[in-house]
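These are my notebook entries on a structure that I looked through. I record each topic in turn.

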Amino acid sequence: MSPAPVSTSIIICTWSLVALVRVLIAFQPHSGQDNHHGLHAAYGGDFEVQRHWMELTFHLPIGEWYYDDPTYFGLDYPPLTAYVSYVCGYFSDKLVGSYSVAWMESRGLEDPRHKALMRATVLLLDLLVFGSAVWCMTRPQESLRRDYDSLATFVLVMIQPAILLIDHGHFQYNTFALGLCLWAFHFMSKPGHCNCLIGSIFYCLALSFKQMTLYFAPAVFFYLLGRCCAEKGRYFTLRFVSLGITVVATISVMFLPVVLNGPDETTYLERLTQVMRRIFPLHRGLFESKVSNTWCVLSLKPFRIRQQIPEHLQPMAALFVTILLTMPCSVSMFRLGSRGCMAGNQERQRTIFSWGMTSSALAFFLASFQVHEKSILLALAPACLLAAQDYKFVEWFSIVATWSLWPLLQIDRLQTAYFCTMVIYLALLHLRKASLELPQRDEGSLFSHKVLFSWLSNASYAVMITLHLLEATITVPSNLPDLFSVLWSLVGCGCFGVAWLYTCWRLAHGERKEKLN
């Protein structure tokens with residue numbers, strides 16, 4: 001008996017709820033509001049970064065975008081970010097007023113109308129790109145009609161606290177890049193080589209918007225390589241070459257306007273090099289702030305690995321460890337792709353595909369160069385799609401990822417939004433669990449059935465709550481100002497390490513089930 005379809009009125013209410021939560025969070029402070037953590041010489045925060053890029057792209061010729069003064073939030077994202085910033089700046093000039101993007105004079109502007117427009121751009125791009133991708137990815141494969149199970153998964157992904165707090169609180173456009181990635185994964189996991197080509201275009205667009213989407217690159221590359229090998233002989237060459245042409249063409253369309261219109265005294269190669277230096281700033285060091293990854297933890301006493309490895313060798317060391325950690329998912333994704341994608345096993349293939357993307361992103365977060373705490377969203381987005389397959393893990397990982405952002409959210413004064421979104425998310429999780437009896441579906445979950453993993457998840461919850469209570473009640477010694485930030489990094493890194501190991505196990509477990517079927 002097929003599940004009862006969802007009525008149109010409930011679908012409208014669901015989308016309204018998703019939008020309403022985002023709007024409510026947008027009323028909270030943004031990063032750097034009132035210069036809360038900025039410098040005297042430069043107004044601080046990602047909000048001002050995005051506002052300044054609108055100002056920069058709106059006034060300067062396209063060839064000068066990556067040559068502007070880097071000391072005041074110089075453009076350091078790929079060209080698609082710049083194009084989006086230009087469009088937003090254009091609408092700000094027309095709808096809010098020219099003062100909102102006035103060259104040099106609009107720095108630090110916190111006009112309510114301009115702020116509302118910027119918040120609206122995030123909301124619009126989020127719902128149109130990320131929301132539509134999640135809606136499509138959570139729809140039952142065997143039916144065009146949506147049931148209550150898939151609708152619940154959609155809501156859980158869209159109400160994920162970490163994603164909401166960073167984009168609609170702190171202020172960024174991560175959901176645009178994540179939405180492009182999810183659209184890429186949607187097409188790549190469908191039968192037919194043409195779908196792989198369409199998926200490649202979406203993924204290249206994501207790379208052209210946010211360079212951190214490289215976190216998925218090993219898994220994507222080896223999966224597509226496997227799809228090319230699914231049928232050998234001349235088909236392999238044709239498929240591989242067509243994918244290569246698609247990738248080069250898409251990236252070229254994004255980068256050529258910037259490269260072709262650079263300063264007259266520079267060559268095309270010098271212009272491309274300048275863009276690459278801005279996008280990949282190797283001089284910034286191994287990590288940002290107290291992020292919950294391996295390099296940050298190993299830089300503490302007694303290891304001090306940041307001082308042990310010469311600065312010029314740190315990027316290579318990070319690359320080497322990252323490659324090691326991505327090897328399990330790369331092998332699994334190649335095998336998955338080489339088995340081909342048939343209409344009958346599409347849902348199973350998409351599940352393994354999501355595990356692979358989560359594993360790849362976690363490997364990069366734990367070991368790659370120049371990691372930000374917000375980069376955990378890249379692992380979180382594909383993981384949340386697995387709520388129906390592994391409810392316990394998704395619940396645990398979502399809470400840990402949001403908790404790991406607490407030091408950043410504190411700086412932004414988003415404590416109220418943090419606790420409210422966590423309560424809403426937990427309530428929805430347990431409501432879904434009660435109504436759909438999901439534990440019966442978690443047959444492959446170690447978190448549900450193995451004592452060790454069950455104990456680890458419960459222990460991590462206890463530690464997270466304890467640290468919150470200690471931070472609220474204990475005065476930090478003056479000689480240990482970063483005590484709680486360090487503790488957050490240690491616990492977060494340990495949890496993310498467990499999550500990476502678990503994704504590797506799920507990939508191996510999924511391969512065994514594929515062989516048996």
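At what angle do the axes of helix H1 and helix H6 cross? I found that the axes of H1 (residues 8-26) and H6 (residues 161-171) come within 8 Å and cross at roughly 50 degrees. Helices here are DSSP runs of H or I with at least four residues, numbered from the N terminus. Axes are lines fitted to C-alpha atoms, for helices over the stretch in contact, and angles run from 0 to 180 degrees between N-to-C directions. H1 is therefore oblique to H6, since angles under 35 degrees count as roughly parallel, over 145 as roughly antiparallel, 65 to 115 as roughly perpendicular and the rest as oblique.

I noted that this is a predicted model, in which local features need pLDDT of at least 70, side-chain atom pairs count only at pLDDT 80 or more, and totals for chains, interfaces and linings use all residues. Residues are numbered from 1 along each chain as its sequence is written, and side-chain values use heavy atoms, with hydrogens and water left out.

Next I looked up Ile62, which lies in the loop between helix H2 (46-59) and helix H3 (79-95). Ile62 is partly exposed because its relative accessibility is 23% (buried is under 20% relative accessible area, exposed over 50%, partly exposed in between, with a 1.4 Å probe and protein chains only).

Last, I checked the cysteines. I found zero disulfides (pairs of cysteine sulfur atoms within 2.5 Å). The sulfur of Cys504 is 7.1 Å from that of Cys329, its closest cysteine sulfur, so the distance is too far for a bond. Cys504 is buried because its relative accessibility is 17%.

How values were computed:
Helix = DSSP H or I, 4+ residues; strand = E, 2+ residues; numbered from the N terminus.
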